[in-house]
Amino acid sequence: MALISEYLDPNQLDDRLCHAPVATPDLLSDVVQSICPRFASLRHTKRAARAEQMIELGAWTDAVLALLALELPQWQIRRLAYDNGEWHCALSSQREMPEWLDQSIEAHHADLPIAILRAFVSARQESAPVARSSVPAVPPATGEFYEPVCCDNFI
């Protein structure tokens with residue numbers, strides 16, 4: 001599986017997935033290169049080998065599900081539905097909750113593996129760690145005409 005050397009941000013990757021008619025080895029390698037950091041470090045495990053084998057065999061749906069299990073084990077497929085020529089995929093990190101309370105991620109595409117990949121990219125984007133500094137933020141400086149006023153009525 002040849003990996004590309006350039007990094008695609010999640011928005012570009014989602015646009016590429018949206019416009020792709022079917023899954024291809026290049027498309028999956030772009031996804032692996034862009035948003036699958038664990039894949040390289042776990043390359044010699046059975047789960048990673050299974051994902052690579054599925055990609056080589058062209059079993060796109062199984063490959064995408066293996067990548068999802070490897071990269072985001074807390075996320076699972078909540079719903080797959082086919083309607084009006086499109087697959088709709090919903091991923092959830094809390095499947096035990098009722099569907100109306102759950103904050104699931106939904107994506108759609110005419111090709112099943114790409115619909116799951118689009119939801120996977122969105123889930124990866126949502127579960128990405130937010131960079132926070134150890135020092136609290138200072139509120140912005142007030143203007144020179146700022147003067148606190150007491151508005152209480154003491155009568």
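User: At what angle do the axes of helix H5 and H6 cross, and within what distance do they come?

Analyst: A packing is described by an angle and a distance between axes, and in this predicted model the axes of helix H5 (residues 60–71) and H6 cross at roughly 15° and come within 8 Å. Because angles under 35 degrees count as roughly parallel, H5 is roughly parallel to H6. The crossing of H5 and H6 is left-handed.

User: Which residues make the contact of H5 with H6, and how do they divide by class?

Analyst: A contact is taken as heavy atoms within 4.5 Å. On the side of H5 the contact is made by Trp60, Thr61, Val64, Leu65, Leu67, Leu68 and Glu71, and on the side of H6 by Leu112, Pro113, Ile116, Leu117, Phe120 and Arg124. By class, the residues of the contact of H5 with H6 are ten nonpolar, one polar and two charged.

User: What does Val64 touch, if residues up to four places away in sequence are not counted?

Analyst: Val64, which lies in helix H5, touches Pro113, Ile116 and Leu117 when those sequence neighbours are set aside. Val64 counts as buried because its relative accessibility is 1%, where buried means under 20%.

User: How do helix H2 and helix H6 pack?

Analyst: The angle between helix H2 (residues 25–35) and helix H6 (residues 112–127) is about 10°, and their axes are 12 Å apart. With that angle, H2 is roughly parallel to H6. The residues that make the contact are Leu27, Leu28, Val31 and Ile35 of H2, together with Ile114, Leu117, Phe120, Val121 and Arg124 of H6. Sorted by class, the contact of H2 with H6 has eight nonpolar residues, no polar ones and one charged residue.

User: How many of the residues of H2 are buried, and what covers them?

Analyst: Burial of an element is read by counting its buried residues, and since eight of the eleven residues of H2 are buried, H2 is largely enclosed by the rest of the structure. The buried residues of H2 are Leu27, Leu28, Ser29, Asp30, Val31, Val32, Ser34 and Ile35. Their cover includes helix H1 (10–19), helix H3 (37–41), helix H4 (46–57), H5 and H6.

User: Is H6 mostly covered or mostly uncovered, and how does its span agree with what its residues should give?

Analyst: H6 is mostly covered, with twelve of its 16 residues buried; among them are Leu112, Ile114, Phe120 and Arg124. For the span, the 16 residues of H6 should reach 22 Å at 1.5 Å a residue, and the end C-alpha atoms of H6 are 23 Å apart, which agrees.

User: Does Arg124 count as buried or exposed, and with which residues is it in contact?

Analyst: Arg124, found in helix H6, counts as buried because its relative accessibility is 17%, which falls under the 20% limit. Leaving aside neighbours within four places in sequence, Arg124 is in contact with Ile35, Pro37, Glu71 and Leu72.

User: How far apart in sequence and in space are Tyr82 and His109?

Analyst: Tyr82 and His109 are 27 residues apart in sequence, while from C-alpha to C-alpha they are 9.6 Å apart in space. Tyr82 is found in strand S1 and, at 52% relative accessibility, counts as exposed.

User: How many helices and strands does the protein have, and in what order do they run?

Analyst: The protein has six helices and three strands, which run α-α-α-α-α-β-β-β-α from the N terminus on. Of the 155 residues of the protein, 34% count as buried. Among contacts between residues at least 6 apart in sequence, 53% join residues at least 24 apart.

Notes:
Residues numbered from 1 in each chain as written. Predicted model: local features only at pLDDT ≥ 70, side-chain atom pairs only at ≥ 80, totals over all residues. Heavy atoms only, no water. Axes fitted to C-alpha atoms, helices over the stretch in contact; angles between N-to-C directions. Helix = DSSP H or I, 4+ residues; strand = E, 2+ residues; numbered from the N terminus. Parallel < 35°, antiparallel > 145°, perpendicular 65-115°, else oblique. Nonpolar A, V, L, I, M, F, W, Y, C, P; charged D, E, K, R; others polar. Expected span 1.5 Å × (residues − 1). Buried < 20%, exposed > 50% of the residue type's maximum accessible area, 1.4 Å probe, protein only. Left-handed = near helix turned anticlockwise from the far one by under 90°.
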